[in-house]
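Dear colleague,

I am handing over the structure below, followed by notes on what was found in it. Please read the notes alongside the coordinates.

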Amino acid sequence: MVRVSVDASQLNAALDQIRRQMPEKLGKAIKDACLDIEGRAVDYCPIDDGLLSGSITSDVRTDGGFVYGRVGTNIEYAPYVHEGTGIYARGGNGRQDVPWAYKDESTGELIWTKGNKPQPFLEQAVNEATPGLLEHFRNILEGG
């Protein structure tokens, strides 16, 4: 019988170092991916007064060892711009009793509408960025 003895202490130390660094590296990759999507979303966002596009942000958080990123906006009307309204709303979930009227607060004018078509700026950004997102994570594994 032949016995082989291996000192795995250096390997174990290297693996332990990788384990400790992984959340930080993963967080950086997720942040880079989120910033990529954020920039694209700003580019695709329709501009009226710039409030909506200026509100698009991203952040990265850690919760119990799980790292996740978010891209979005806190503007109340953003879902209506993204998903559409009235007869144009995605999934047929919009108002169907058309037309209806509302008062434009800036001009005082009465506006009649059937709704607004969706402008899915966040979805477009994610779809366009998705093929390249893997690169952010590949860089982690290659020591970037």
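**Core, pocket and a cis bond**

Leaving aside neighbours within four places in sequence, Ala41 is in contact (heavy atoms within 4.5 Å) with Ile56, Phe121, Leu122 and Ala125. This is a predicted model, in which local features need pLDDT of at least 70 and side-chain atom pairs count only at pLDDT 80 or more, while totals for chains, interfaces and linings use all residues. Residues are numbered from 1 along each chain as its sequence is written, and side-chain values use heavy atoms, with hydrogens and water left out.

Ala41 is also among the residues with the most contacts inside the largest nonpolar core, which has 13 residues; such a core is a set of buried (under 20% relative accessible area, 1.4 Å probe, protein chains only) Ala, Val, Leu, Ile, Met, Phe, Trp, Tyr and Cys residues joined through side-chain atoms within 4.5 Å. At least two core residues each come from α1 (9–44), α3 (78–83) and α4 (121–141), with α4 giving the largest share, four residues; helices (H or I, at least four residues) and strands (E, at least two) are DSSP runs, numbered from the N terminus.

Turning to the lining of the largest pocket, its largest share, three residues, comes from α2. By class (Ala, Val, Leu, Ile, Met, Phe, Trp, Tyr, Cys and Pro as nonpolar, Asp, Glu, Lys and Arg as charged, the others, Gly among them, as polar), that lining has ten nonpolar, seven polar and three charged residues; a pocket here is an open set of points on a 1 Å grid over the protein atoms alone, where a 1.4 Å probe fits, with protein on both sides within 12 Å along at least five of seven lines, and lining residues have an atom within 4 Å of a point.

Finally, the peptide bond from Val98 to Pro99 is cis, with omega near -10°, and Pro99 is found in the loop between α3 and β3.

Best regards

How values were computed. Buried < 20%, exposed > 50% of the residue type's maximum accessible area, 1.4 Å probe, protein only.
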